[in-house]
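This report describes the fold of a single protein chain. The sequence and the structure are shown first.

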Amino acid sequence: MDLKKPLLLLILCLGLPLIPVHAEDAAPATKDFSLQTSSEWVELPPSFQGVVASYGKLGTLATFYITARDLEEAKTVRDLRWEDLFKPEFASINIHHEGETVIGGEKARYCLYSLKPGEFKSTMEGNLPAKYMNYVLIHGNKLFSVTFKDTQDGFGLSYPSFVTVIRTLRFETAPPAKQSATA
């Protein structure tokens, strides 16, 4: 019996970082979007509440997952603060670079980060230091967070493949129409 695939999937699932959303705030896992993945990415079962899609790159420790939650009030991505999105662990995160882009036709913010030395880093990564890229976007009053993770050494090799996949993200439902003040 070939144990390589089940072992890889177990390693990938255990390597998932915390999501920047609290479980009690998370919406039920529903997919409002589609992605076109290549054969090097395999879909993994969501391992915690709020995850609507999770993938691992074969032959690597690279993973990415997408979470979704309802927003209490209408916001734009510019209203979002990393301090709020990563709480309660924001103090454990070292943001190296941030910016804005477009994903799935929606404005998105992103940050490249690593975890600062300490208990949280040890819990999340063990002995394999990692790098993370997080994208956040809003569609239909829902906050979507896409988190890519790989080892420090593998990040640069796997990231282009991840970007190819995430550029195919398409929402299947249109956002609600905005009401005009004169209507």
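The sections below cover confidence, overall layout, the sheet and the nonpolar cores.

## Confidence

The model is predicted. Its mean pLDDT is 80, and 78% of the residues reach 70 or more. Among the elements, helix α4 (residues 155-166) has the highest mean pLDDT, at 96, while helix α1 (residues 4-14) has the lowest, at 35.

Over residues 1-29 the pLDDT is below 50, although this stretch has 59 contacts in the model beyond near neighbours in sequence. Residues 179-183 also stay under 50, and for them the model has zero contacts beyond four places in sequence.

## Overall layout

The protein contains four helices and nine strands. Read from the N terminus, the elements follow the order α-β-β-β-β-α-β-β-α-β-β-α-β.

Of the 183 residues, 46% are buried. Among contacts with a separation of 6 or more, 58% are between residues 24 or more positions apart. The accessible surface is about 10,200 Å², and carbon and sulfur atoms account for 54% of that area.

## The sheet

Seven strands make up an open sheet with antiparallel pairing, in the order β2-β3-β4-β8-β7-β6-β5. The edge positions belong to β2 (41-44) and β5 (93-103); each has a single partner strand, so one side of each is left without a neighbour in the sheet. From one strand to the next, the twist averages 20 degrees.

Within the sheet, β6 (residues 106-115) and β7 (residues 130-139) run antiparallel and are joined by six bridges. Tyr113 has Tyr132 in β7 as its bridge partner.

Helix α4 lies across β2, β3 (51-57), β4 (63-70), β5, β6, β7 and β8 (142-151). Relative to β8, α4 runs at about 150 degrees.

## Nonpolar cores

The largest nonpolar core has 28 residues. Phe33, Leu35, Phe64, Ile66, Tyr135, Phe148 and Phe162 have the most contacts inside this core. At least two of its residues come from each of β3, β4, β6, β7, β8 and α4. The biggest contribution is that of α4, with six residues.

Beyond its neighbours within four places in sequence, Phe64 is in contact with Leu35, Trp41, Ala53, Ser54, Tyr55, Val146, Thr147, Phe148, Phe162 and Val165. Another core, of 17 residues, lies apart from the largest one; its members include Trp82, Leu85, Phe86 and Tyr132.

Note on methods
Residues numbered from 1 in each chain as written. Predicted model: local features only at pLDDT ≥ 70, side-chain atom pairs only at ≥ 80, totals over all residues. Heavy atoms only, no water. pLDDT = per-residue confidence, 0-100. Contact = heavy atoms within 4.5 Å. Buried < 20%, exposed > 50% of the residue type's maximum accessible area, 1.4 Å probe, protein only. Areas by Shrake-Rupley, 256 points an atom, 1.4 Å probe, with all protein chains shown as cover. Pairing = 2+ DSSP bridges. Axes fitted to C-alpha atoms, helices over the stretch in contact; angles between N-to-C directions. Core = buried A, V, L, I, M, F, W, Y, C linked by side-chain atoms within 4.5 Å.
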